[in-house]
Amino acid sequence: MGREEIIDALLNGHTELSTEVLEKLSRLNISKEEENTLLKFSGNPDRLAPAEFFLLRLLLDVPSPFARVNALLFKANYAAEVAQLKQSLRTLEMASQELRTKGLFFKLLEAVLKAGNRMNAGTARGNAQAFNLTALRKLSDVKSTDGSTTLLHFVIEEVVRSEGKRLAINRNYSLRRSGSLAKSTDGGNPAASSTSQGPSREERQNEYLNLGLPIVGGLSTEFANVKKAALVDYDTVVNECAILGNRLAGTKKLLETYGDDGFARGLRGFVKAAEQELNELKGNQEKVLELVQRTTEYYHTGATKDKNAHPLQLFIIVRDFLGMVDQACVDIKRKLQQQKKPTPPPSSSHPAAPAATTKGAADDAPAPAQKPPEEVDSKRKRVMPRFPNLPAHFMKDNADSDSSSDEE
């Protein structure tokens, strides 16, 4: 832009300056001493260098030129800054709502709590009603006594199997119901009854895992805003309204010193609309931050009183835990795929079978109980990795047998 266009825009507002030009002008920032030296110049302005000549024109022709530049730059950037703040507040609000909706995430927390109580059975910590969420990050550090799995994988596999079993039971119920209706209409089909042997117990368990993996593995998608909230700049969310308000107040004060020139007319409408918007935004900000605090207290009482804790620590912890859940689901899927590969024929010496995790259920359906030793097929007897004081089917205190649960 030419120098005359810039001076006209700052003086009369006839020309709109781009953000790039305004940012360059705002960086001039000459000292008071330099400004006084220029204003005292009494020689021929044409003999000055271009930069000094332009600055002298600004100082002589435009009242408070740099204050005007800052006011116009604030106006140019205002919409983008407010949109960013609104998006951050919306993310925090939706993330809090996601965490306050009971569902699969609560089942995972319940499984972790029950596992911890079983491991600490007989001690003062064996009947806990809650636990610090920071413990979720340590689940992969606790391993079974034989070192074949971690508490994280154990808990995730339990919940995956439970969700898969629930889905299978509902599906089988629907199939039996539709089959009963068909039988009542066509008089029955004798060929439909078969004496063929059903799937083995191990095949059923693998089926539960395959059915439950998409459910548990999809938890991260349901908590998309929680993961975004972990990246929100909390200081910006807290202070942005005040910063914008102070800059708006400075612009309003600047306009009070001017008459009714084109520059003032172009900014007064903006100032009035921005004042109303910032008042509404401040109210929404207070509401959302209060919701974040209540949600944090809901999961961890007293956490908001810890001055050293990050205000958004809840979202950060849950985000990290969801990443661990995703990786555990990948590992479980890989293990199932490896089991499908053909195995070499057994040798004369009978090697020990691989270790397997214990099984249970986290849903409302009764969890299967461990079969008595005399009922276990000796050819398929498995060594079960155990955590300290952690029995099979730890997620339910009362459990029916596996076969009866599968038949229900």
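Author: Helices α5 and α13 are oblique to each other, because their axes meet at an angle of about 60°. The axes of α5 and α13 lie 11 Å apart. Each axis is a line fitted to C-alpha atoms, for helices over the stretch in contact, and angles between N-to-C directions run from 0 to 180 degrees. Helices are DSSP runs of H or I with at least four residues, strands are runs of E with at least two, and numbering starts at the N terminus.

The model is predicted, so local features need pLDDT of at least 70 and side-chain atom pairs count only at pLDDT 80 or more, while totals for chains, interfaces and linings use all residues. Residues are numbered from 1 along each chain as its sequence is written, and side-chain values use heavy atoms, with hydrogens and water left out.

Back to α5 and α13. Their crossing is left-handed, a term for a near helix turned anticlockwise from the far one by less than a right angle (clockwise would be right-handed). α5 brings L92, A95, S96 and L99 to the contact, and α13 brings L314, F315 and V318. Contact here means heavy atoms within 4.5 Å. By class, this contact has six nonpolar residues, one polar and no charged. Nonpolar covers Ala, Val, Leu, Ile, Met, Phe, Trp, Tyr, Cys and Pro; charged covers Asp, Glu, Lys and Arg; the others, Gly among them, are polar.

α5 (residues 65-99) also packs on α11, at about 155° with axes 10 Å apart. That makes the two roughly antiparallel. This crossing is left-handed too. On the α5 side, the contact includes A67, F74, L85 and L92. On the α11 side, V237, C241, L244 and L248 are among the residues that take part. The contact divides into 13 nonpolar, four polar and four charged residues.

α11 (residues 234-256) has another partner, α12 (residues 262-299). Their axes come within 10 Å and cross at roughly 155°. α11 and α12 are therefore roughly antiparallel. The crossing is left-handed. In their contact, 17 residues are nonpolar, three polar and four charged.

The structure holds two cavities of 30 Å³ or more. A cavity is a set of points on a 1 Å grid over the protein atoms alone where a 1.4 Å probe fits but cannot get out; a pocket is an open set with protein on both sides within 12 Å along at least five of seven lines; lining residues have an atom within 4 Å of a point. Points join across faces, edges and corners, and a volume is the space filled by probe spheres set on them.

The largest cavity has a volume of about 50 Å³. Its lining is N132, L133, T296, H300, Q313, L314 and I317. α13 (residues 313-340) gives the largest share, three residues. The lining has three nonpolar, four polar and no charged residues.

The second largest pocket holds about 410 Å³. Of its 17 lining residues, G116, N120, R125, F131 and A135 are the closest to the centre. α6 (104-119) and α7 (151-186) each supply at least two lining residues, and α6 gives the most, with six. By class, the pocket lining has twelve nonpolar, three polar and two charged residues.

Key:
Angles under 35 degrees count as roughly parallel, over 145 as roughly antiparallel, 65 to 115 as roughly perpendicular and the rest as oblique.
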